[in-house]
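This report looks at charged side chains that pair up in a protein chain. Please have the sequence and the structure open while reading.

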Amino acid sequence: MELQPILDALPVGLQMYQLNPDGQIVCRLANNTYERMFEMRRHAALGLPSETLLASSAGTKAVQQLRACFETGQALGFDWQYRDAPHDRHFHVEFNPIAWRNGQVLQVLASFTDRTREKAADRQRLHLETHDALTGLPNRVLFADRVEQALAHSAIEADTETALLILNVDRFKLINESMGHISGDELLIAIGRRLMTCVRPSDTVARLSSDEFAVLMRDINDLDEALSVAARIHREMGAAFVVSNQELFTSISIGIATTRTSGIDADNLLRDADFAMHQAKTRGGAHTEVYHNDLHRRARSLFRLENDLRKAVDRNELELHYQPLMDLQTGVLMGFEALARWKHAERGYVSPAEFIPLAEETGLIIPIGRWAIEEACRQLAEWRTWFGPAANHLFMGVNVSGIQFTRDNLAKVVTDAIARSGIPGDRLKLEITESALVENPDLANQVLRELKDLNVSLALDDFGTGYSSLSYLQRFPIDVLKIDRSFITDMLSVQDNYKIVNVILALARNLGKSTVAEGIESEEQAETLRALGCQQGQGFHFSKGLSAPDCTEFVRTAFLPN
């Protein structure tokens, strides 16, 4: 029976090599599968030395293994990469001795199994496991591995540092909700590409989660190199992105940690950079924060404060103080602004500038906001009962956080509070910041219309410090403009502030809006505002924020109109 047809039918490539008397190893047999694998006619291979057939640009591993098989008489198997342009193939190769003479191997059968597709599938699977499917950047798994490698290197090279930058896209959730997930994905892809232009070739840029990226910088000499990259990122992110044929602007909050402050532990480095990033976000976004030990102590302090605040909310330990609002033209008490206060069991009163941002970050601002509306309405109802018809004109102003405004069912909260307290809807005034309106104008307009259906008065707080767009004043059903205290404080000494206040008052008159000046601290300021036509004012000149009992006495003895 002829052997060649049998060999040609096998799915593996076959060659038989023979050791010549001169010590040269040459090919004496090949099958059809070998021809197809290596695109070489088998007859052309016969008689050629192994160096010609098995060596490639990838090296001489196969030649060396074949000679070892002849010398030792041991069967050998190994994976072999064959590269000879345009080829780049992967094989599993086995060399098996099949003939001996006087203990010397004379013939070896070589078999070649093509694993190129398997290797490609393995590479693709590994890529998918280690790279972000959307941006193509390394994912958290690969990034963590790169961090470990960099830290191992830093442990040896004591003169250099490793820096880790955690980056978060500011207001990405709003972009996603307002423009849709497809546009959000387009933005993330564009951000990833732009980040790659900001770093060194040796740096690693990764996407860790939805709106969070990271940069690993190894072998830096000092912190300034990382800060330079952070500054470049901020600068590049300041340029417009074109998403869904629209220009879109966004910013990045960056936290930086280095091995000099966080050590060579990967978990510590990631944790510290992440914490620094969140501190950058609390500064309003588009900032860089560098982790240091004081920041860690502040983190522990904030953690304790957050726990205490949660307990205070659960235990109803917060209280409202009330600052009177006066009619500047007549001197009559018109109403109050309710101010949230927290009397900590150990620290005493905690500044609102400290606990309100913490409440917003943790989401506690929503239950706090609900409580404030409920309690303010209840207190006003109590005063109306005690002081009778003389107090019927008094209103109660309550600040609404932008987070509560967009995420809570504010109309229902107000409806319930009014119903339980029994006060008329027009005696409640909700104070809303401009930023809450412009983040999602369509949603804002819907919420404001729902509140107006309840006859609630709506005030635009801190007017003049934000967007101050005339289109928003026309579009939204705003009743009152509250002029920010920053303009009032220096209006008598800074001519521009005086002009701004005058323009705001004229604008309000022309649009039919009422006005309230915040932060009045002297009679001279009050007199100037009165002359300019400002209707109402509040500030320490009239009274600071008062506890409920003190405010009750204030109403009783001094400001209740006849």
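The model is predicted, so local features need pLDDT of at least 70 and side-chain atom pairs count only at pLDDT 80 or more, while totals for chains, interfaces and linings use all residues. Residues are numbered from 1 along each chain as its sequence is written, and side-chain values use heavy atoms, with hydrogens and water left out.

**Salt bridges**

A salt bridge is counted where a side-chain nitrogen of Lys or Arg is within 4 Å of a carboxyl oxygen of Asp or Glu. By this rule there are 28 salt bridges.

| Salt bridge | N to O distance |
|---|---|
| Arg-260 and Glu-161 | 2.9 Å |
| Lys-482 and Glu-337 | 3.2 Å |
| Asp-408 and Arg-370 | 2.7 Å |

Helices (H or I, at least four residues) and strands (E, at least two) are DSSP runs, numbered from the N terminus. A residue is buried under 20% relative accessible area, exposed over 50%, and partly exposed in between (1.4 Å probe, protein chains only).

**Arg-260 and Glu-161**

The side chains of Arg-260 and Glu-161 form a salt bridge. This pair links distant parts of the chain, 99 residues apart: Arg-260 is in helix α11 (residues 259-262) and Glu-161 in strand β6 (residues 161-169). Arg-260 is exposed, at 59% relative accessible area, whereas Glu-161 is buried, at 4%.

Glu-161 is also one of the residues that Ser-154 touches; the others are Thr-162, Thr-259 and Ile-264, not counting residues up to four places away in sequence. Contact here means heavy atoms within 4.5 Å. Ser-154 belongs to helix α7 (residues 140-156) and is buried, with 7% relative accessibility.

**Lys-482 and Glu-337**

The side chains of Lys-482 and Glu-337 meet in a salt bridge. Lys-482 is in strand β19 (residues 480-483) and Glu-337 in strand β14 (residues 333-344), so the pair ties together parts 145 residues apart in sequence.

**Asp-408 and Arg-370**

Asp-408 is buried, at 11% relative accessible area, and Arg-370 is partly exposed, at 40%. Salt bridges with shared partners also join Glu-337, Glu-431, Lys-482 and Glu-518 into one network.
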